[in-house]
Amino acid sequence: MKDLRAELAARRAAGLYRHRRTVDGPQAPRMVIDGREVLSFCSNDYLGLAGHPVVVAAFRQGADSYGVGSGAAHLVNGHSRAHHALEAELAAFTGRERALLFSTGYMANLGVAAALVGRGDAVFEDRLNHASLLDAGLLSGARFIRYPHNDAAALAGKLSERETGEKLVLTDGVFSMDGDLAPVADLAQACRRHDAWFMVDDAHGLGVLGEHGRGTLEAAGLGPIDVPILMGTLGKGLGTAGAFVAGAEDLIEYLIQTARTYIYTTAQPPAVAEATRAALKLVDAEPWRRDKLQGLVTRFRTGAAQLGLTLMDSPTPIQPLLVGDNQTALAMSEALWDRGILVTAIRPPTVPAGTARLRVTLSAAHDERDVDQLLTALDSISCDTNNV
Ligand SMILES: *Cc1c(COP(=O)(O)O)cnc(C)c1O
């Protein structure tokens, strides 16, 4: 049996130890964490909807109508009117025939991949894909093929080498640790040309990108013909929990019949679905949230560039500062914490070795003063950490 204590000590020595901080109260720029009020820049609540009173009221009302637990899986008797209505609204929101709710994004990704490919098939993934997409490909049993980050030509080459079996291409729409966008139009073209399924995981684009918040595909001007499978999560921009897959009627019916992570799990609480329905309406009713967010992104990038910090090529609210060394990233995160600011250090294996970073995320709930306070703190710590 392996020596767990020694392995934990080794992680600690390598600057890879992870620990949890405890939150009191809702997600907000200023929140109480480990008993202290801090200014936080690490939530994925990009639109500030997680604690929005209208979303909370819908959740409460959903609990009054449906109770708390859904009681069973969707195919037993856990599929409520609330889930059904949300699926119809997500289909309309994404401009697709149908949408299917999953309890989490992780499960949606595992479910789709295993439903569409298996032994004898191949799955193609960007090497910076989210862990859940990578696991989905690995667990599907299909041949697992990675292509260089955002390299559609390399993908096309690898697709052309596979002559038999199904092909499935999986990519993040917005890369979760880098904030950059996948070249979805080029990837879609390669998939069409080589008869491959194409799925975009738009966990970080949905609600945020595109004039109407429809996400990465709206921003790129693409539709269901280009990207037949769209996966979105509800726990980020929409501020609730869960995920969905949207696509053609046959795809969704096939997933209902075969996706094991759909079939063999309890449906999410109906009240969460009611809350998500309210959040979807806010995405349409309050476009100012997207505009404000974009203004904050510009302000942060301009300020960080003036300080000589290493920004990444990101137009999204994910604005990582590249540090490199694990311990330095950790020291910077701790120095910010000492100044009342929470920005997490992201280290391997979440990102490639030697690319540890501070992952700053912005929200429409932040204001300009918050961004300025972060920039001031970054300026003051960069002197200290240069000596680490
Ligand atoms: C967060 C995330 C997921 C997982 O979604 P959950 O609902 O949190 O399980 C999947 N894909 C990407 C790209 C993500 O960022």
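Modeller: Helix axes here are lines fitted to C-alpha atoms over the stretch in contact, and angles run from 0 to 180 degrees between N-to-C directions. The model is predicted: local features need pLDDT of at least 70 and side-chain atom pairs 80 or more, while totals for chains, interfaces and linings use all residues. Residues are numbered from 1 along each chain as its sequence is written, and side-chain values use heavy atoms, without hydrogens and water.

Colleague: At what angle do H2 and H12 cross?

Modeller: Helix H2 (residues 53–66) and helix H12 (residues 270–285) cross at roughly 150 degrees, and their axes come within 7 Å. H2 is therefore roughly antiparallel to H12 (angles over 145 degrees count as such). Helices are DSSP runs of H or I with at least four residues, strands are runs of E with at least two, and both are numbered from the N terminus.

Colleague: And H7 with H8: parallel or antiparallel?

Modeller: The axes of helix H7 (residues 152–161) and helix H8 (residues 184–193) are 9 Å apart, at an angle of about 15 degrees. The two helices are therefore roughly parallel, a label for angles under 35 degrees.

Colleague: How far is the side chain of Asp 201 from a nitrogen atom of the ligand?

Modeller: An N or O atom in the Asp 201 side chain is 2.5 Å from that nitrogen atom. His 130 also has a polar side-chain atom facing a ligand nitrogen atom, at 3.5 Å. A polar side-chain atom of Lys 236 lies 2.6 Å from an oxygen atom of the ligand.

Colleague: How much of the ligand does the protein bury?

Modeller: The protein buries 82% of the 380 Å² that the ligand exposes when taken alone. These areas come from the Shrake-Rupley method with a 1.4 Å probe.

Colleague: New topic: where is the cis peptide bond?

Modeller: The cis bond joins Pro 348 and Pro 349, with omega at about 5 degrees. Pro 349 belongs to the loop between strand S13 (344–346) and strand S14 (356–361).

Colleague: What is phi of Asp 34?

Modeller: Phi of Asp 34 is near 50 degrees, a positive value in a residue other than glycine. Asp 34 sits in the loop between strand S2 (30–33) and strand S3 (36–40).

Notes: Polar contact = N/O pair within 3.5 Å; in protein donor to acceptor, adjacent residues only side chain to side chain. Parallel < 35°, antiparallel > 145°, perpendicular 65-115°, else oblique.
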